[in-house]
Amino acid sequence: MELALPQLNFMAIMPETVLSVVAMALLLINVLVKGEEKAYLGYLSLAGLVGALFSIPWGAKISGFSDMVLQDNFSAFFTVIFILCAGLTILISDGYFKKEGCNHGELYPLILFATVGMMFMAKATDLMTVFLGLEVLSVALYILAGFNRANTKSNEAGLKYFLLGAFSTGFLLYGMALIYGATGSTKIVKIAAMAAQSSAVMNNPMFLAGMLLMATGFSFKIAAAPFHMWTPDVYEGAPTPITAFMSAGPKAAGFAAFVRVFVIAFPTLMPQWSELLWILAVLTMTTGNIIALSQDNIKRMLAYSSIAHAGYALVGFTAHNASGVSGIMFYLLTYTFMNIGAFAIIILVGKKGEPNNNVQDYAGFGVKHPVLALCMSIFLFSLAGIPPTAGFIGKFYLFAGAVQEGYIWLAIIGVLNSAASVYYYLRVMVFMYMKSPEEEFDWVKLSPAIMLCILIAVAGVLIPGIIPNSVLNLATLSLP
Amino acid sequence: MFDNVWLIPLLPLIGFLVNGLFGKKIKNEAVIGGIGTLAIFGSFLVSCGILIQMIGTSPEHRVFEKVIFPWIHSGNFKADMAFLVDPLSVVMIMVVTGVGSLIHLYSIGYMHGEEGFYRFFAYLNLFCMSMLLLVLGNNLLVMFIGWEGVGLCSYLLIGYYFHKKSAGDAAKKAFVMNRVGDFGFLVGLFTLYWWLGSNQNIWTINFMELKQASHLLPYGGVVTVATLCFFVGATGKSAQIPLFTWLPDAMEGPTPVSALIHAATMVTAGVYMIGRMSFIFIKSPDTMMVIAVVGAATAIFAATIGTAQNDIKRVLAYSTVSQLGFMFLAMGTGAFAAGIFHLMTHAFFKACLFLGSGSVIHAMHYALHHAHSHDDAQDMRNMGGLRKAMPITFITFLVSTIAIAGIPGFSGFFSKDEILWQAFSNPYHGGLNMILWGIGAVAACFTAFYMFRLVFMTFYGDCRIQPKAKSHLHESPLVITIPLMVLGFLAAVGGYIGLPKLIGELFGGIPNYFELWLDPVFELAQEYGHTYAQVGGHHNVALEWGLMGGSVVIALVGITIAFTMYIKNTELPGKFTSTFPALHRAVYNKWYIDELYDFLFVNPCKAFGNFLWKGFDVLVVDGIVNGVAAVVKGWSGAFRYTATGYVHNYAFVMAAGTMAILGYYIFR
Amino acid sequence: MITLHHYLILSGILFSIGALGVLIRRNAIVIFMCVELMLNAVNLTFIAFSRYLGNIDGQIFVFFVMTVAAAEAAVGLALMIAFYKNRESIDVEDMNIMKL
Amino acid sequence: MDFSLSLITFIPLAGVLLLLVMPRNNAMLRGTALCVSLVGFIASISLICEFKPIADYQFVENLPWIAAGSFQMNYHVGIDGISLWLVILTTFIMPIAILSTWTAVEERVKEYMICLLLLEVGMLGAFVSLDLFLFYIFWELMLIPMYFIIGIWGGKNRVYAAVKFFIYTMVGSLLMLIAIMYIYFKAGAGDFDITRFYSIGLDPASQTWLFLAFALAFAIKVPMFPLHTWLPDAHTEAPTAGSVILAAVLLKMGTYGFVRFAMPLFPDATARFTPLIATLAVIGIVYASLVAMVQEDVKKLVAYSSVAHLGFVMIGLFALNQQGIAGGMLQMINHGISTGALFLIVGFIYERRHTRLITDFGGLSKQMPIFATIFMIVTFSSIGLPGTNGFVGEFLVLLGGFESGLRTWTIIASSGVILSAVYMLWMFQRVMFGELTNPKNQVLKDLNAREIVIMAPLIVMIFVMGIYPTPFIDKMNPSIDRLIVQMKQKQVAHVVAPVTAPGRAGIPAGYPELPSGHPAGEAK
């Protein structure tokens, strides 16, 4: 029997290859070039990212490696999100790590590898690719979380993330195994075909259990309610640029895989998982918002806010119609801008070793640095979902999707949650503007990189907020 | 002359604007006083012109309307700023502008040296403008502008001495009480407008249109409701039983104010309103009875309080309330012309009495001021024997007192006797007439008693003024005494234009010109009245003579009692008060009405307000709002402790979560 | 005769032991070993299904799982060493600086 | 397609950009802000001249804005008789409010002016937008500057008041957002144009829920009785200019919302909820008046008085006849002028004495005569004395209420006329009359030229609208007629037309035109 050569059109994974090559090159350069100055590594990695950005084959629908990956608009849109997220993180990390004194060159390749992992998750049409992408991303993130070896908090964050990450991968894999057992294939298209074909498969409890276990695995990754416990500790402990990266990139990747796998592989189990997501969404939003109300540490507060935002995205996912899914994609893009922008300002305000991450330490920031405080306010208003910002448009589309599908009560709970979330976002502004400054904030130095990042973030929040046509159309075009 | 009727209210308005805006700069009292007086005197001349022109025209078409500009037009509701001139309004504008001009002249002298001189004349002119609007308005809304305008001006003028807290309180009390009346007026207006509109599809509040449509109104029913509400408005404005306590306190204002507003013009607004809408009021017998009863009750009630007051202006205030009671009694018994006639005569002699008392107070202030003593210049107990010191004031005061007491030959007798006779002989209230006449007669007796008590205490007897001050007592300047003389003359002569028919025949058939003059206005009302009047009102002449004689006797009885108690043996009043201490104290404290109102309305409102604010608003509503926030914060605090920091706890929660999901779905 | 169900039950048991191990044990390394146990249980399931279904996808998947487990081991132990250097203990009880 | 409306809405935004680039010299900042608002006002005067008294929308602009997924939102703006005067009120009040900050605010003047101008953009946008989504955007946009104004430049516990104000309004408006989405899907494909939503025939059941969602958002803003507690806090803590705009315009957003959105969109639900809302309004009037009576803080008293005044507006609106709605609209503008003036007055004495407690004042009228006259005129306008603007509005509201089915409510409400006299005059007497004992009061200066220039236009408007309100009413009548006919038609249509066409078909064609002006329906 002759060996049928699988058609491996590399065009499908062109951006990933570019990034991987650049990352490996950086690793070598880092070893060869002596000297403390690591900034050039940053610029090179940015160049790599831009290269990857231009190599995305828009509009085409190329499935590579015998249906292991599928490069379509959906994954292209998410790839843009990942590249943006990585780029912004790199911009803000140079100043931070120099200040913290752990300026190791390996940071940039790790970020690039994590981005590659995310891209694979976005284009995976096979459970194996999903698993691989997930693991590449997670492993890179475990190291990044514990990057600041000297700081015990960073160590603890890395270790906690590792243990719980591995634990959740176990469940994910066990789910994949059961699905494979029930349907005989790991290709999501085939799974759907098998399930539709024979009702035996469809109501085989193993099939349902597999789907549920996979759901828990993914929920861990996007920090949905019962599986969110790790998020606050890891976000607080990890170095701030990495927290920014973790809060935006991997969450989007988790959603990409979650959406693609569930929408394509399990249409038959739609009622079950839609109801599960309904419950998860309510739990996630409520837990995230309520605990965030009484948080003093701003990083921990943003951690719980990111849980809440995962909940809002889940609302869109529960209503798996066009408006819901495009809402998720638009929302995750703008969420990247808002969150990384906010973390950029936290980096600026933070001193070495981050002693002053409490909200109270922001007293009088509005008086001392009006422009920076204004940017922070824009990010916070966008997180809260107040109209002129993109956050509002995103939330509008998510909840509109839910209302269209008839989940009125879900939308109402979502809306009440975002009203509650307004309180802790306003609380930051209260300290910034309405309290008299105790300190001079003179240690806040604006490096050109951070300024660029903040500018891009502000543009990313306001422009889609006021004229969201282009981005929204792109999102609606690229449904899975 | 009819065309420029709009000049009448406009001139005082101009006077108000000039004095109000530039008064502070002019500073010269004569100029300010001059502007004020000329403004009102101008309107008086225009009114005379209109009166003469109206006398010239035949009675049928003595009605003239002039629209100035469209005020509120919304949907089917139309209200224009427009004036109506007919015999009733001519009488009123003559009274208002005539007495008004005299009082303006008087106040130039009286207010001499006051610090806010220009402010006083500005408000006085504003008051005249509002009163003229009220009287000339051709629809209910313009009348309401005047109605509230006079309320505003009485607030401003009573509170003229604003540094005195009592003046401020009195002003506020007056305005609030008027406002209660206005509330009644508004509700009445709405009921009438709504009922006529929705049932007969006539959407109007114009008097003439209402008159044409009045035949569609039923007897009683919605008309009773509307007219009762209007009557509440009237009681508020003309200080009748429920809402009269503000008038005595209004004496805090300067005396010309009391004379103009609280004697001659504003308080008569209620009577005018009933007169103007007589064709509606007459259509509900119950309201007419209520008006008559309330009128009579107020007359007797206020008269009793008047007897025990020591402040000269308070006695006159209560006498005004009592005389108004007579007017309402007349209106209630359908004798509209008699009511308006008494209104006119009362304006003359009451204004004269007030101005006379003002001149007395003025002189007392001057004297006590020089003697550097601080006893009250208005308290009759430290006056006495002033007739020699102030002859003109004394004579005019005496003439007016005789008029008000109802001594034949003077104006008071003709108008009051006419009211008593109509009360006795009107066909509407059957058996009640006797009681009404009786109350009226007793009230007339009381009136005679306390008026002459006042005269004897101030002008006769030994002089109780401070010995040092006695030498400084002298007559008020001419500018004060001229209005007194004119008013005194009018008080004496005013009655003859409305001679009752009975006396008219005696002197060769002189008709009752006043009634003839007002006939076209009230004949529609009489016509409606006859439809339900009991037949056979007894009109025999002998009875009328007997009653007239009776009322004269009553007046004389009152005077003699006053004479014996205050001239012959002056300790009689002391003996009387000691034998009935409780009665005296009750009467002196105005039957504790003010305390009753405070107890019933003012304090409960304040307490309820406090309860609502502290109790409901802060505790309940804010409690709920902050409560929800606290609950959410509580939950947040509680949930926060779930993040224990231990990896195994987190792992446990994850495992539990997975088990729960699996269990829920697999075994469902 | 050993049927598919035996394998599944065995892997289920192995998986639960691993999971319980993670919950109960306090030492980081032991926890990691338990996670490895869970992954191997999954491998067993894959092999059983692959044999039962007759196609080799499952076995390919096992290779991926093993390589990933190895990578995770390297990273995990590195993190534990770093943690040990700072805190002289890799006991999970000490990992609670960040709470509430 | 003339761009006058967009011009007026976005002139203040241009002003904001201008201010951003200007150096921090306070006088220049205030000057530019004043000029920008004056230019806005002059531009809006052109609106009045060109406004034709016809029923449908004028100066309409309709540009496609967002067209993505299943949604289509347009930048659709236009005004008719109802929203014209509110726009004018906004542009009229802004220069006055800005002028009043000359001595009041010293620190961070640039941010203050930016917040004020942004607030104006939000308000104008909300009044002119005919696209429900666009309205919601501007509705929320207003909250941000107001939050900062109260929060940064406010009084003692300004933070509590600012946060309470923000979240209170936010909760209501978010529920409205859900209702907007629901209507959009009920109305099928197309944009968020309200005229399109007017024509869809919603079934009474869903109408109830939607009406409640809308009504809650607007009731919080009005504020109606149980939801009003944020107003006294917001007012007492806000700086003078902030509370003037809050009272003059922001409260009208709620009543405007009822007239423009809640009532025409859900006629059946409006008919069903009229008794409830009338009851709340009446309670609001009496309750707020009683509570105002016992206040010690002048600003809180004026805040409660505006709750009472807006209770009148609500009764007017829900009377659903020509006089009632015209009266309600007039009362909105009157309240804007008289309460705005009252807050300015409280601001003046606060700037001089830095206290708002009534007991600290007394006998001011001897010390400050001009101030006394102005204060008196405004007090009597607020009480609703004939000849001032307050009376015209109140009278029409009560007349309209009496004619419609709300007779008993109107009688209780007209007792509010007495209560308002009580608390206003009691406050006026305690502040202005009485002995000038307090030494601090004896040195107070009277109003300076700037303050008189601030008050002059308001006093003029008080008398102009009181004596000659016809031009205001004439411009409103046609659009009010259209609103009434539209609502009556839809209510009757549901009763008469048997359920032939499903809700989507709207009114059966050829329905006879009801004679406008005659209050058909429940008046009999």
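This briefing covers the contacts that chain B makes with chains C and D, and the overall build of chain D. The model is predicted. Between chains D and B, 45 residues of chain D meet 42 residues of chain B. Between chains B and C, eleven residues of chain B meet nine of chain C.

**Chain D against chain B**

- On the chain D side, 45 residues are in contact with 42 residues of chain B.
- Six helices of chain D each give two or more residues to this side: H12 (267-293), H14 (322-353), H15 (364-367), H17 (389-403), H18 (407-432) and H21 (470-496).
- H18(D) gives the most, with ten residues.
- By residue class, the chain D side holds 27 nonpolar, 14 polar and four charged residues.

**Chain B against chain C**

- Eleven residues of chain B are in contact with nine residues of chain C.
- Helix H27 (residues 647-666) of chain B gives the most to the chain B side, with five residues.
- The chain B side is made up of seven nonpolar residues, three polar and one charged.

**Build of chain D**

- Chain D contains 21 helices and two strands.
- The C-alpha trace of chain D spans about 80 × 55 × 40 Å along its principal axes.
- The radius of gyration of chain D is 23 Å, which agrees with a compact globule, because a globule of 524 residues would have a value near 24 Å.
- Of the 524 residues in chain D, 64% are buried.
- Among contacts in chain D with a separation of 6 or more, 80% join residues 24 or more positions apart.

Definitions and conventions
Residues numbered from 1 in each chain as written. Chains lettered and ligands numbered in written order. Predicted model: local features only at pLDDT ≥ 70, side-chain atom pairs only at ≥ 80, totals over all residues. Contact = placed C-beta atoms within 7 Å. Helix = DSSP H or I, 4+ residues; strand = E, 2+ residues; numbered from the N terminus. Nonpolar A, V, L, I, M, F, W, Y, C, P; charged D, E, K, R; others polar. Rg over C-alpha atoms; globule rule 2.2 N^0.38 Å. Buried ≥ 20, exposed ≤ 12 C-beta atoms within 10 Å, placed from the backbone.
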